[in-house]
Amino acid sequence: MSTPETPKASEERAARTSVFTGEALARLEVDAKDIISRYPKERSALLPLLHLVQSEEGYVSVDGIAFCADQLGITTAEVTAVATFYTMYKRRPVGDYHVGVCTNTLCAVMGGDEIFSSLKEHLGVGNDETTEDGKVTLEHLECNAACDFAPVVMVNWEFFDDQTPESARRLVDDLRLGNDVTPTRGANSVCTWKQASRVLAGIDDGRATEGVQASGPSLAGLELARQRGWQAPDPADLPAAAPATEDGAK
Amino acid sequence: MTTLTPILSKNWDRPDSFTLAAYREDGGYQALRTALGMEPDAIVDLVKASGLRGRGGAGFPTGMKWGFLPKDNPNPRYLVVNADESEPGTCKDMPLLLANPHALVEGIAIASYAIKSRNAFVYVRGEVLHVIRRLRHAVAEAYEAGLLGTDILGSGFDLDVVVHSGAGAYICGEETALLDSLEGYRGQPRLKPPFPAVAGLYASPTVVNNVESIASVPSIVANGADWFTSMGTEKSAGFGFFSLSGHVTRPGQYEAPLGVTLRELLDMAGGVRNGHRLKFWTPGGSSTPIFTDAHLDTPLDFESVGAAGSMLGTRALQIFDETTSVVRAVRGWIEFYAHESCGKCTPCREGNFWMAQVLRRIEAGKGTEEDVAKLLDICDNLLGRSFCALGDGATSPVTSAIKYFREEFIAGTHTPAWELFPYQRTTRWSSESVEEDA
């Protein structure tokens, strides 16, 4: 099932020693087997397996691709086609902390654009680049489903809501100094990029019960309803065969 | 006056709301017990009678979707929950899964029983680590309590649920692209028909439903179809999350009957920030044509929003006040579509690429006289000419913004948007929104 590699890929491969050998290979094969067993068809495990190899090296290397191909009995070309389609799989090493700034319209307008340019300047890196100490990779993101908390920054895919340029600079400084930082809605501290990738591969890290259940905007409607005594209709006391409310009660 | 109806969010202020114990204390999993005592088809009929329509944007009747599964197909049936929430502005399913994942798990069990599926999948976008942890935890708790797995609650019904993380592709929110992705391929839409009901996951009969749709099912089983239809309008029954974001005093999740108006919701949310005026808004994410202050009283139900020229979509109400450049907003959205186009269909792949360039120069005050016509021409060549709704959706912000704010696009032939609408005025920390930080 081997496919011809491009000269460049084969050079790259030859120039480095695969981490997918010996003890690491044995360990990852156990994980892979567990993941594959969850699906009715093996190939469905490809996305999780790509997260798994990313958890080992911090990115998806040609060796990682070969590992996935071997586990599923498909070609490296088939795996590469998938790995290059999805933005969460990185083709170059990522720092310990991936810092994503939402710059989709809503967040951008609320200040995401300013946060992103401030971080670029502060860290001295461009989009999708890593600081020299290997700690922080900066990237602008599309909508991360937290618009009511805009502007939003993600660190290793944990929410840091309601950011400002100052808070975001402080955040990346702490990350580079090795200080613990706490997501606004997430675990009690941020794990590393590799650890996060492992969770995405489908391997639990036992941290699900950490952190808040909901906060701020998530509770805005509920709190107002409580104040005003509003609730859903009582199923035992419905208005007699109501012809539904007239189109959009005023 | 419409009032809020917290149902899926009613336990969110309990610190342990995401645990099985807390969910059960509030009556959780009683609906599953009820459902398992019913004939599967009776549940399908109940959901049909409730009038529940898909909460992921398209609004297709959920019960009808379930009823489409062919009776004579020997292949296994699958339930796939779409938790890929990525439509710009949409932010309801993620807080729901963070605070109340068992509502979804119970809904999955009931829906799977109803459609006779023994394997369910939840496809969650990958960029939400803690949401994935919470959901996996809820599934594990449910297995341990005999609410998933074999012989659920002694009924003889078996169900396995797999939580599957995506890897960053908006397109995978489209149901057939999601299925390709779940099968381990690039997430690209399939030509329909065949629809997933006939040939979905692994070419087997499959139901794909949004998180909020499935999470609403236990409340319907518990309280009845009449209860559900006592909320909302005749053709848009029930309740849903209305997610307010942007230039609003108290952004957040407001669970209300369909048919509520933006005027009512803004009133609940403290109005547009700090005395500013509403300029434009999206009723259901960036793929739904924008509205203006002329639509404050449009009932937010599928029919009324459609009749007014937009779509209810995901009820993602992104609010922009008069400090915001509509050109900047649309440029941002089109860059998004250009980035997220899967590349399968030429009109979408190329159209968005070129529209982004045109919009960038208009934003920079370097547009040409022909640019507005060019944008409309590209939209004309895009709409209805791609496999999936992403292509169509990309035209919505462009055509609607030109319809309501053409003069701003014309101004882009000589003046940069950031001079007409200084960008520092729009931010959360600008002096314009000073009250917000109180």
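Trainee: Among contacts in chain A between residues at least 6 apart in sequence, what share joins residues at least 24 apart?

Mentor: The share is 64%, where a contact means heavy atoms within 4.5 Å. This is a predicted model, in which local features need pLDDT of at least 70, side-chain atom pairs count only at pLDDT 80 or more, and totals for chains, interfaces and linings use all residues. Residues are numbered from 1 along each chain as its sequence is written, chains are lettered from A and ligands numbered from 1 in the order in which they are written, and side-chain values use heavy atoms, with hydrogens and water left out.

Trainee: How many helices and strands are there in chain A, and in what order do the elements run?

Mentor: Chain A has 9 helices and 5 strands, both taken as DSSP runs numbered from the N terminus (helices are H or I with at least four residues, strands are E with at least two). Starting at the N terminus, the order is α-α-α-α-α-β-α-β-β-β-β-α-α-α.

Trainee: What makes A232(A) count as buried?

Mentor: Buried means under 20% relative accessible area, exposed means over 50%, and partly exposed lies in between (1.4 Å probe, protein chains only). The value for A232(A) is 18%, so this residue counts as buried. A232(A) sits in the segment after α9 (220-228) of chain A, and beyond its neighbours within four places in sequence it is in contact with T5(B), P6(B), I7(B) and W227(B).

Trainee: Why does R136(B) count as buried?

Mentor: Its relative accessibility is 13%, and therefore R136(B) counts as buried by that cut-off.

Trainee: How do you know that the span of helix α7 (residues 165-177) of chain A agrees with what it should be?

Mentor: The expected span of a helix is 1.5 Å times one less than its number of residues. For the 13 residues of this helix that gives 18 Å, and because its end C-alpha atoms are 18 Å apart, the two values agree. Its buried residues are P165(A), S167(A), A168(A), L171(A), V172(A) and L175(A). Seen down the axis, these fall within an arc of 165° and so line one face of α7(A), the arc being that of the directions from the helix axis to the C-beta atoms.

Trainee: What do the buried residues of α7(A) pack against, and which residues are exposed on the other side?

Mentor: They pack against β1 (97-102), α6 (105-123), β3 (136-141), β4 (153-155) and β5 (158-160) of chain A, while R170(A) and L177(A) are exposed on the other side of α7(A). After α7(A) comes G178(A), with a positive phi near 85°.

Trainee: Which residues of α2(A) are buried, and what puts them on the same side?

Mentor: The buried residues of α2(A) are A24(A), L28(A), D31(A), A32(A), I35(A) and I36(A). They are placed on the same side of α2(A) because they cover an arc of only 130° around the axis. Exposed on the other side of α2(A) are G22(A), E23(A), V30(A) and K33(A), whereas the cover over the buried residues includes α3 (46-57), α4 (62-72) and α8 (193-201) of chain A. Helix α2 (residues 22-36) of chain A, with 15 residues, reaches 21 Å between its first and last C-alpha, close to the expected 21 Å.

Trainee: Which residues touch the most other members of the largest nonpolar core?

Mentor: A nonpolar core is a set of buried Ala, Val, Leu, Ile, Met, Phe, Trp, Tyr and Cys residues joined through side-chain atoms within 4.5 Å. Within the largest one, which has 172 residues, L50(A), Y86(A), W66(B), I108(B) and F409(B) touch the most other members. Helix α6 (residues 101-115) of chain B supplies the largest share of this core, 10 residues. A second, separate core of 28 residues includes F242(B), L265(B), M268(B) and L278(B).
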